[in-house]
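My entries are kept brief.

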Amino acid sequence: MTESHPSPSPLSKKVEIPESIREVEPVRSIRSPVKLVYDFVPSPPVQEYLRSYSKKRILGHRSPIDGAVFVPPRGVDPRHGVLIDEVVELPDRGHVGNFCVTHLPIPGRDDLDTPYVSAWIHLDGANVGFLGLVAGCDNDEVHIGMRVQAVWKKEEELGNTAENILFWKPTGEPSIPPDEAGNRAWDHDK
Amino acid sequence: MSKSHNFRDIAVISVASHQTKILSQVNEVQLMADLISRSRNSAGLKQEEIGFTCSGSSDFLAGQAFSFVHTLDAVGAVPPISESHVEMDGAFALYEAWVKLQIGEVDTALVYSYGKPSAGSVIDVLATQLDPYYVSPLWPDCFSLAGLQARSLLDKGSISLERMSEVAMRSQKNAFDNPNGVRSSEDISLDDLMSEPAIADPLRKSDLSEIADGGCAVILAADNKADSLCDRPAWIKGIDHRIDSHTLGARDLTRSPSASLAAEKAGRNSDRLDIAEIHGITSAQELILEKEFALEDETKINPSGGALASDTVMASGLIRIAEVASRIISGQVDRGLAHATSGPCLQQNLVCIMEGK
């Protein structure tokens, strides 16, 4: 390697380098690239979710324990470790549960100006948040409980991916009170 | 183990496992939700009644960082649980749970592990566990390294090609009655096996473990708790794990001193063994282990077919424990040895001796 690298930390004892390699440039680092290729096949609930999502339909799973609705569906209720197979369709509208204003760009997302707002969107009828961007208003207008609706990609750009919603924009409806907004799965059965 | 340490009596009281060539209808989380709830249900325990939960899996195998956190969805971790994870076969997670139970703070533990090697190239994934300077950059696959090991054994004259095929035949016939046996045959002959071409010379296809997706869940309980939850617990009389050098060239690959020492420390010699479930990824490795454990004709070896019949990286070792435990719990056998390995060419070895009372 000819690039400059930080020197190794000093050794406690002086090392005698054999004469035969004294004039040779020392090896300060090696590179051993690792590349592993995976063929990831989504499980049937995820496949059903992605196919529907490409048609602007958002599916969730309803817990057999207490009826809490999880979105996106994963096939289990993570609180109880039980399998779920009841599918529910959710509207593409909800409220901001909580949000974050980010000033650092996302590598590879040159289309996304900073600062941007990411948020947990709580779809009407769901008990957990759904990650998305909030736009269509000034960043400092975004608040917990703000009602929003999805802005989907153009029909021809929709696909079996998680990227079908461009962002969530304010609907102008009255906001949810902050203490009623956000994650409700964990106290659903109280 | 020495009596002076006042070890608690700890037993396997319930097991559930599943292996198949390719897991296509469920992901790891769904598979484990099913196996974990089956193991808990047959022990009559709810998650909040379990004192400690420990799992084994590999992010390199899953191709995903912190993949084990996803799998906690299958456990039901609310209200919050005491939990740990090892990036090793589930047998080593069981060892951690056994230590936790020995400390005496908890009386029950859930141990599980899983692997879905069908998502990638497991032989390449395993190359990344090797010495990163001299060996890993050459990308030797696990079966090629095991092939060098088998060749050393042949050169030394301690095994023969025929003995290897006999082990392969034993695996396929024993696996015939095992619902988790991926490669099995009721009537395969030695001639059939010996006419197969070599893949990692001298190893033929049947000498190599059959890679499979799957998982395993095990419930442990201590003292009276085990007796109250299970009619015939599989008491762990000894458990120990040992390690040989990571440097392949520094080892005599025809032996596995760490396996032998682990068996000795686990109390292999204190009584006869009805069965032994040993974990080798090749027929030749099973032959090394038979010798290191000094297994005699009275011991039935790998009644499940072993890892040769279905090998789920990260779970094959725990499944060996489950196979022995389930036979003790059902009353088929009284005493058995379960073995798990990790690393290249039988580098790390765990031995667990179980007994019905």
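The entries below follow the order in which I looked things up.

**Conventions.** I worked from a predicted model, in which local features need pLDDT of at least 70, side-chain atom pairs count only at pLDDT 80 or more, and totals for chains, interfaces and linings use all residues. Residues are numbered from 1 along each chain as its sequence is written, and chains are lettered from A and ligands numbered from 1 in the order in which they are written.

**Chain B, overall.** I found 13 helices and 12 strands in chain B; helices (H or I, at least four residues) and strands (E, at least two) are DSSP runs, numbered from the N terminus. The radius of gyration of chain B is 19 Å, close to the 21 Å of the globule rule for 357 residues, so chain B is as compact as a globular protein of that length. That radius is taken over C-alpha atoms, and the rule is 2.2 Å times the number of residues to the power 0.38. Along the principal axes, the C-alpha atoms of chain B fill a box of roughly 55 × 45 × 40 Å.

**Helix α13(B).** I then examined α13 of chain B, residues 316-329, which reaches 20 Å from its first C-alpha to its last, close to the expected 20 Å; the expected span is 1.5 Å times one less than the number of residues. Because 13 of its 14 residues are buried, α13(B) is largely enclosed by the rest of the structure. Buried means 20 or more other C-beta atoms within 10 Å of a residue's own, with C-beta atoms placed from the backbone. After α13(B) comes B:Gly331, with a positive phi near 85°.

**Nonpolar core.** I took a core to be a set of buried Ala, Val, Leu, Ile, Met, Phe, Trp, Tyr and Cys residues joined through C-beta atoms within 7 Å. The largest has 115 residues, and those touching the most other members include B:Val12, B:Leu318 and B:Ile321. Domain 1 (3-119 + 211-234) and domain 2 (122-208 + 236-355) of chain B both contribute residues, so this core lies between them; the bounds come from an automatic or database domain assignment. Beyond four places in sequence, the contacts of B:Val12 include B:Val218, B:Ile321 and B:Met354; contact means C-beta atoms, placed from the backbone, within 7 Å.

**Chain contact.** Lastly, I looked up where the chains meet: 27 residues of chain B and 20 residues of chain A take part. On the chain B side, α1 (28-43) and α5 (122-127) each give two or more residues, and α1(B) gives the most, with 6 residues.

Definitions and conventions
Two residues are in contact if their C-beta atoms, placed from the backbone, lie within 7 Å. A residue is buried if 20 or more other C-beta atoms lie within 10 Å of its own, exposed if 12 or fewer, and partly exposed in between; C-beta atoms are placed from the backbone.
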